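Biologist: I would like to learn how to read the local features of a model. Could we go through them one at a time?

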Amino acid sequence: MYSVTRSFGLNGLSGFAVAVEADISGGLPAFSIVGLPDSAVRESADRVRAAIKNLGFKFPDRRITINLAPADVRKTGPVYDLPLLLAVLTASGQLEDVPADAAFLGELALDGTLRPVSGVLPMALAAAENGIHALYVPAENAAEAAEACADSMAVYPAHTAREVVDALRGISPLAPAAVVPFDPADAWAQVPDFSDVMGQSLARRAMVIAAAGGHNVLLIGAPGTGKSMLAKRLPGILPPLTREEAVETTKIYSIAGQLPQGRGLISARPFRSPHHSASAAALAGGGAQFRPGECSLANCGVLFLDELPEFSRESLEVLRQPLEDGQITVSRAAGSATYPSRFQLVAAMNPCKCGYYGHPTRQCTCSPSAVRQYRSRVSGPLLDRIDLCVEMDPIAFDELHAVVPSESSADLRKQVLTARAIQAKRYAAPGFEGVLCNAQLTAGQVRRVCRMTPAAERLLRASYDALGLSARAHDRILRVARTVADLAGKQLLDEDCVLEALQYRAQEKVEV
């Protein structure tokens, strides 16, 4: 007796179809699973056996062979528990053949209860692409699965395997899950407001430029100058997530198992702040199941690295590829996976080990060599990928007690959205596919959109020779100048735009 039940698995960020084949034959009782299963899949045999008995069905006392096709792709996780149970019931004659356009995902408890699994959204997207019309998932995963393709595929939430069996028999049909409304504007209310930050007008301006153009930022200042406050408020002035960005980000969180249960698409831009003890693998991702790291979890959002020099050199160098390419490839002996990593880097550091180098009132206790050693922990190639660097002075008493309130996030967001609207119109033209903001321009595209006045070109030429800029630094200065011009509503880059972009150079501010 033979049966086939359809399911899906994960390979990196994408789902793939899996056929769960069950064969029951004569011989000594045995339950074997083939098709490159990992430990969690092999243990499914014990969970399925207990669940079948506790649900009131008869477990076949014969030889059971399960094949997970394609057999040359490794299958991971407990997602195949439910299709395994249905395949055994069908092959043993206790259930009629399941529809060919139905697929099943879910982990089983020993009493037959369905538990949520990770990575449902990418698997549901793959199911819709493969012609599946009915997808049965645990109730906690239904909201994200329903976002896959509500028009052509119905998602049925179930709390127990008994509900799935009764629905297939027509005894008690399940109601399809409804799509949760997607409203990214609500996410702004969850972010602290810029009006809480007193003083620091230059740093606030840099954060507006960063949000308007998608640029990376480095904040340097003594303890208590507001570096972390500014970083945490940046998502509050960023444009809302588009639906495509929300789907991509939700897929990553679903695979990582960090999507809240019962949640549809992520509506807020991520803000990730790993501790400086995080390893290179924690930032890049990896492991036996190729889980995404902090670089990918910050996709379409902000990656905040506080105490930047305290991170290990190996961890910081991991950032080079995602900062340049917007994606990161995790390669291990078992294979490789590529995850999107288009994030804005916001880093903060003290000017020295004690934190008071150059402080107007407190004396620094570090020697010149100690200051150089502390700052040298951040490599030149990494600094070359940072567009904006701001040195933050201590806040004066009068600024803390100013009568006039600081600009709120809503005021700053208006400036950002106006500049982003200009960029969206500009990059809708042919030749700018995939470009959403100035920071994503390629070298060839920079030449097309960063036209300068003769005086601005002379200024940049003189700075290029005097500062010893690299070609990458040259292009990044032009991208920042383009954002400054967009905020000012200018077509050409003039001297003011180039000067403001040059003052944010990180290399000269960090190196002593």
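Biologist: Is Glu-140 buried, partly exposed or exposed?
Modeller: Buried means under 20% relative accessible area, exposed over 50%, and partly exposed in between, with a 1.4 Å probe and protein chains only. Glu-140 has a relative accessible area of 28%, so Glu-140 is partly exposed. This is a predicted model, in which local features need pLDDT of at least 70, side-chain atom pairs count only at pLDDT 80 or more, and totals for chains, interfaces and linings use all residues. Residues are numbered from 1 along each chain as its sequence is written, and side-chain values use heavy atoms, with hydrogens and water left out.

Biologist: Where is Glu-140 placed, and with which residues is Glu-140 in contact?
Modeller: Helices (H or I, at least four residues) and strands (E, at least two) are DSSP runs, numbered from the N terminus. Glu-140 is in the loop between strand E8 (134-138) and helix H5 (142-145). Contact means heavy atoms within 4.5 Å. Leaving aside neighbours within four places in sequence, Glu-140 is in contact with Leu-114, Pro-116, Gln-261 and Gly-262. From Glu-140 to Lys-353 there are 213 residues in sequence and 47 Å in space, C-alpha to C-alpha.

Biologist: Which backbone angles deserve a second look?
Modeller: Most residues other than glycine have a negative phi, and most peptide bonds are trans. Here the peptide bond from Ala-69 to Pro-70 is cis, with omega near 5 degrees. Pro-70 sits in the loop between strand E4 (63-69) and helix H3 (81-91). Gln-200, which is not a glycine, has a positive phi near 55 degrees. Cys-300 is not a glycine either, and has a positive phi of about 65 degrees.

Biologist: Where are Gln-200 and Cys-300, and are they buried or exposed?
Modeller: Gln-200 is in the loop between helix H6 (161-169) and helix H7 (201-213). With a relative accessible area of 11%, Gln-200 is buried. Cys-300 lies in the loop between helix H11 (294-297) and strand E14 (302-305). Cys-300 is buried too, at 4% relative accessible area.

Biologist: How is the length of a helix such as H7 checked?
Modeller: The expected span is 1.5 Å times one less than the number of residues. H7 has 13 residues and should span 18 Å; its end C-alpha atoms are 18 Å apart, so the two agree. H7 is mostly covered, with 10 of its 13 residues buried, among them Arg-204, Met-207 and Ile-209. Just after H7 comes Gly-214, with a positive phi of about 75 degrees.

Biologist: What does helix H9 span, and what follows H9?
Modeller: Helix H9 (residues 243-256) has 14 residues and reaches 20 Å from its first C-alpha to its last, close to the 20 Å expected. In H9, 11 of the 14 residues are buried, including Glu-245, Lys-251 and Tyr-253. Gly-257 follows H9, and its phi is positive, near 75 degrees.

Biologist: Which residues have the most contacts inside the largest nonpolar core?
Modeller: A nonpolar core is a set of buried Ala, Val, Leu, Ile, Met, Phe, Trp, Tyr and Cys residues joined through side-chain atoms within 4.5 Å. The largest has 68 residues, and Phe-31, Ile-66, Leu-85 and Tyr-136 have the most contacts inside it. H3 gives the most to this core, with 8 residues. Apart from this core lies another, of 49 residues, including Val-416 and Leu-493.

Biologist: How many cavities of 30 Å³ or more does a search of the whole structure find?
Modeller: On a 1 Å grid over the protein atoms alone, a cavity is a set of points where a 1.4 Å probe fits but cannot get out; a pocket is an open set with protein on both sides within 12 Å along at least five of seven lines; lining residues have an atom within 4 Å of a point. Grid points are joined across faces, edges and corners, and a volume is the space filled by probe spheres set on the points. The search finds 1 cavity of 30 Å³ or more, and the largest cavity has a volume of about 50 Å³. Helix H20 (residues 471-488) gives the most to its lining, with 4 residues.

Biologist: What is the volume of the largest pocket?
Modeller: The largest pocket has a volume of about 1000 Å³. Of the 44 residues that line this pocket, the closest to its centre are Gly-214, Arg-342, Cys-437, Ala-439 and Gln-440.
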